[in-house]
There are 2 protein chains.
Amino acid sequence: MRAEIIATGSELLSGGVVDTNSVFLAEELLEIGIETSFKTIVGDDEKDMEDAVRTARERVDIILVTGGIGPTEDDITRKALARVLKKRLVLSDDALKAVKAVFKAKGKEYPGANDRQALIPAGARLLRNPVGVAPGFMLVEDGKFVAVLPGVPAEMQAMFRESLRPAIEEHFGGKAVIRRKVLHTCGLSESKVNELIQDILKQKRPAVGLTAGETGVDIRIVAHEGSGARSRSTIERTEADIRKKLGDSVYGVDGQEMEEVVGALLTQRKRTLAVAESCTGGLISGRFTNIAGSSAYFERGVVVYSNAAKTELLGVPADLIERHGAVSREVAKVMARGIREQSKTDLGLSVTGIAGPSGGSPEKPVGLVYIALASPDGVKADEHRFLGTRGQVRQRTAQMAMDMVRRYLIA
Amino acid sequence: MRAEIIATGSELLSGGVVDTNSVFLAEELLEIGIETSFKTIVGDDEKDMEDAVRTARERVDIILVTGGIGPTEDDITRKALARVLKKRLVLSDDALKAVKAVFKAKGKEYPGANDRQALIPAGARLLRNPVGVAPGFMLVEDGKFVAVLPGVPAEMQAMFRESLRPAIEEHFGGKAVIRRKVLHTCGLSESKVNELIQDILKQKRPAVGLTAGETGVDIRIVAHEGSGARSRSTIERTEADIRKKLGDSVYGVDGQEMEEVVGALLTQRKRTLAVAESCTGGLISGRFTNIAGSSAYFERGVVVYSNAAKTELLGVPADLIERHGAVSREVAKVMARGIREQSKTDLGLSVTGIAGPSGGSPEKPVGLVYIALASPDGVKADEHRFLGTRGQVRQRTAQMAMDMVRRYLIA
C-alpha cells in the first residue's frame with residue numbers, strides 16, 4: 001500500500017516556509033502499514049494542482065492533500081480535485097452547519113464568504129475539524145483513497161487523528177506493521193560503513209539505508225512484515241547484525257544526540273568533566289550544557305583562543321607552543337592535563353586545530369585537529385584530518401571529541 | 001520559466017527529516033526570475049525516481065535533483081536519470097580525478113567504492129564540489145535543463161552558487177526582476193515592531209512581512225516591479241522608511257548574523273573581547289569564533305558552570321555568590337570585570353541566568369538572565385526575562401548579549 005502526500009500553498013514553494021505536515025502524516029501512515037512513496041508540493045494554482053492529483057492517482061493507492069481549503073480565492077484544492085475526479089461540488093448541509101457553528105461558538109457574525117468551505121465533491125464523506133473552521137473530506141474512487149485536510153498543522157493533526165486515521169484503518173484493514181529504527185554512528189566514513197555492512201545493505205527486507213552528515217553516518221532500518229511484532233523482531237535481528245560489524249561506532253538510536261549519550265554515561269559512572277577548546281571555540285561546552293542537568297557532571301570550560309590564554313589558563317609553557325606550534329599533539333596533551341588538574345574533575349578534554357579557511361600550511365593543513373583526553377589512566381591524544389568548511393570542521397571536531405569521551409567511558 | 005525541485009532520500013519520506021535544500025534552491029531560482037512550480041520528494045527507489053524525473057520533464061523547463069549521488073548502493077540518482085534520459089553512464093576522468101583528490105587531501109587511502117561517484121550521463125557537464133566528495137552534473141536534453149546536486153546542504157549550496165547558478169543564468173539569459181531584502185532586528189518584540197511599522201506593513205507594494213525567532217524579529221521586503229533596477233529602488237525606499245522607525249534595532253540584513261556584525265565592528269574599532277558564560281555554557285564563544293578571523297579580536301572565553309569555577313577563574317568572591325545568588329546583577333558585574341581584567345581585553349562580556357527547565361523559584365524564575373559588559377567606561381548590567389524552552393532561553397540570551405556589545409560599539 002503506497003501513499004502520496006500533496007501539500008498545497010505558494011508559501012511552501014518560495015516563501016521560505018518548510019512543509020512539516022507531511023512529516024507528521026508520513027509517520028502516522030507508516031504506523032498503520034502504509035508507506036509514503038512521494039511527497040509533492042504545489043502552489044496555489046489550479047492547473048498545477050490538477051496535474052499533481054492526476055500524477056498521484058497513477059502511481060499510488062492513497063492520496064492525502066493538505067491545505068487550500070480556506071475561504072479565499074486562492075484556496076483551490078476543492079475545485080481542482082473535483083475536476084480530476086469528475087465530480088460536481090455540492091453544498092453540504094452538514095458542512096455548512098459545522099462552519100456556522102464555529103463562528104457562533106466564538107460569538108462572531110457569520111461572513112457569507114465561508115459558504116465556500118461547505119462545498120465538497122458529490123459522494124465525499126465529511127471530516128470534522130475539531131479545532132478550526134474548514135471541514136475536510138474523503139472519498140474512494142476507482143479504488144483510490146483520496147482525503148483532503150486543512151493546512152494549519154494543529155487542525156490537520158487533530159482531524160487526522162480523530163477522523164481520518166480510523167477511516168483509513170477501517171478501509172484498508174490496517175494495523176501497525178511497519179517499524180523503523182535509526183542507528184547513529186561516529187568515527188567511520190560513509191564508504192567504510194558501506195564496506196562493512198554491504199551484505200546487509202543489499203538485503204531487500206528489511207530496507208537499510210545510509211545518510212552521512214557532520215555527526216557521522218546514520219543507518220536507517222525499515223521493516224515491513226505481516227505484523228508489528230514480526231517487523232519489530234526483523235529490526236532487532238538486523239540491528240544486532242549491524243552492531244556486530246560496527247561495534248562501538250554505534251553511539252545512539254532514533255535521534256539520540258552524542259551529548260545526551262555521553263551525559264548519561266558520565267551520570268551513570270559518576271564521572272565529572274571539564275573542557276578546553278581552541279578551534280571549536282566553545283561548541284563542545286555549548287553542546288554538553290545544552291542537556292538539562294548537565295551541571296552535575298560538567299564543571300567548567302575554557303576557550304583558549306590566544307596563546308596567552310593557553311599559557312595563563314592551562315599552564316601550557318610558551319616554549320612548548322613555540323617548539324611544536326599551538327596545533328600539535330604535545331599542546332593538546334598539556335591542555336587536557338591542565339584543565340583536568342585545575343578543575344579537579346575525573347576527565348579533561350581538549351581540542352586544538354585549524355578550522356580554516358586560512359591558517360593552514362603544507363605540513364599543517366586546514367582540517368588538522370588534535371583531540372586529547374586526560375583521565376586517571378593518563379593522557380591520550382588523537383590526530384584527525386577533517387574536510388569541509390570552517391563550520392563543518394568545527395562541528396566534526398566537536399562530535400569526534402565527545403565521541404572520544406564516550407569510547408573511554410565504555411571501554 | 002518553471003522549475004521543479006526533486007529531493008531524494010528515504011529519510012525525507014519517513015525518517016522525520018525535513019527537506020530544507022529545496023527552500024534554498026527555490027529562493028535562489030526566484031532571484032534569477034525562475035519560479036518553482038513543484039517540489040517532489042522521492043525515496044531511494046529507482047523506479048520511483050524514474051517516475052519523478054519523467055513527470056517533471058512533462059511539466060517544467062528546469063529540473064534540479066538533490067541527493068542520491070553518494071558512493072553507496074542506495075544512491076540511485078545517476079542510474080534513474082540515465083534511464084529516463086536514455087543516456088549511458090560513463091566514467092568521467094575529470095570526476096574521478098576530483099574524487100581521488102579529496103581523499104588525497106585528507107591523507108586517506110582511496111576506497112574503490114567511490115569510483116561510482118565519477119559516473120555521469122554521457123554528454124553531461126561536471127559540476128565541481130568545492131567542499132565535499134560527490135561531484136554534480138548538468139545537461140540539456142530536448143530543451144529541458146537538468147542538474148544534479150549533492151544532498152548535504154553545505155555541499156549543495158556551495159556547488160549551486162559557484163557553478164550551477166552561473167550556468168543557469170547563462171543558459172536562460174536570466175535577469176533578476178524580483179528583489180528581496182530581509183532586515184534583522186534584535187531587542188524588540190514582534191508586536192512592538194508591528195506597532196512601529198504598521199503603515200508600512202499595510203502597503204501592497206512592496207510586500208512586507210514579519211517573522212519572529214530566537215535571534216529577534218526579521219522583516220522581509222519583496223518587490224516585484226518591471227525591472228530589477230526599479231525593484232531595487234522600491235526596496236531601498238522601504239528599507240529607509242523602516243530604519244527611520246526602528247533605529248539601532250536593525251542589526252543586519254539578508255542573513256548577516258550578529259556575530260558577523262559585532263566581529264566587523266570590533267575589527268573596525270580595533271577592540272578586543274573576552275567572554276564569561278554561565279547559563280549559555282559556551283554558545284556565545286562558539287558563535288563569535290564561528291567567524292573566520294575572529295582570533296584578531298576574540299581573546300578567550302570561560303564557561304563557569306560551577307560556583308568554584310566562578311571563584312577560581314573570575315575571582316567572584318564566594319560570599320558574594322552566597323549573598324546574592326549566582327544568578328544576580330552583582331555576580332554578573334564581577335564576572336564581566338574579572339574576565340576583562342585577566343585577559344587584558346578592551347571589553348569583558350558576561351552572562352548568568354536560569355535556562356531551565358528546573359532551577360527556577362518564585363523570585364528567580366526560569367528565564368531570568370543578567371548580562372553585563374565591562375569596558376573602559378565601567379561595568380553595566382541588564383536584567384532580562386526570556387520565555388521558552390531551555391534551548392530558546394540559551395539562544396535568546398546569547399543573541400541579546402552579543403547585541404549589548406554591538407550597541408556599546410556604535411553608541
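How many bridges join strand 2 of chain A to strand 2 of chain B, and in which sense do the two strands run? In this predicted model, strand 2 (residues 35-42) of chain A and strand 2 of chain B run antiparallel and are joined by five bridges, and within this pairing A:F38 stands opposite B:V42. Strands of a sheet pair through backbone hydrogen bonds, in either a parallel or an antiparallel arrangement.

The contact between the chains takes 67 residues from chain A and 66 residues from chain B. On the side of chain B that touches chain A, the largest share, seven residues, is supplied by strand 2 (residues 35-42) of chain B, and the residues of that side comprise 25 nonpolar, 28 polar and 13 charged.

Helix 3 (residues 46-59) of chain B has 14 residues and reaches 20 Å from its first C-alpha to its last, close to the 20 Å expected at 1.5 Å a residue. Its buried residues are B:D48, B:M49, B:D51, B:A52, B:V53, B:T55 and B:A56. The elements that cover these buried residues of helix 3 come from both chains, and include strand 2 and helix 3 (46-59) of chain A as well as strand 1 (2-8), strand 2, strand 3 (62-66) and helix 4 (77-85) of chain B.

The domain assignment of chain A gives domain 1 (2-172), domain 2 (178-253) and domain 3 (269-410); the centres of domain 1 and domain 2 of chain A, taken over C-alpha atoms, are separated by 35 Å.

Further along chain B, helix 10 (residues 258-268) has B:M258, B:E259, B:V261, B:V262, B:G263 and B:L266 as its buried residues, and these pack against strand 12 (250-253), strand 13 (273-277), helix 11 (283-288) and helix 15 (390-410) of chain B. Just after helix 10 of chain B, B:K270 adopts a positive phi of about 50°.

B:L273, which is found in strand 13 of chain B, is buried, because 28 other C-beta atoms lie within 10 Å and the threshold for a buried residue is 20 or more. Apart from its neighbours within four places in sequence, B:L273 is in contact with B:L266, B:Y297, B:F298, B:E299, B:T345, B:L347, B:L349 and B:V405. Although B:L273 and B:V405 are 132 residues apart along the chain, 9.3 Å separates their C-alpha atoms.

Helix 15 of chain B is mostly covered, with 15 of its 21 residues buried. The end C-alpha atoms of helix 15 of chain B are 31 Å apart, which agrees with the 30 Å that its 21 residues should span at 1.5 Å a residue. Elsewhere in chain B, strand 16 (residues 368-375) and strand 17 (residues 378-385) run antiparallel and are joined by eight bridges, a hairpin of two residues connecting strand 16 to strand 17, and the bridge partner of B:V369 in strand 17 is B:H384.

Technical notes: Residues are numbered from 1 along each chain as its sequence is written. Chains are lettered from A and ligands numbered from 1 in the order in which they are written. This is a predicted model: local features need pLDDT of at least 70, side-chain atom pairs count only at pLDDT 80 or more; totals for chains, interfaces and linings use all residues. Two residues are in contact if their C-beta atoms, placed from the backbone, lie within 7 Å. Helices (H or I, at least four residues) and strands (E, at least two) are DSSP runs, numbered from the N terminus. Ala, Val, Leu, Ile, Met, Phe, Trp, Tyr, Cys and Pro count as nonpolar, Asp, Glu, Lys and Arg as charged, and the others, Gly among them, as polar. Two strands pair if DSSP finds at least two bridges between them. Domain bounds come from an automatic or database domain assignment. A residue is buried if 20 or more other C-beta atoms lie within 10 Å of its own, exposed if 12 or fewer, and partly exposed in between; C-beta atoms are placed from the backbone. The expected span of a helix is 1.5 Å times one less than its number of residues.
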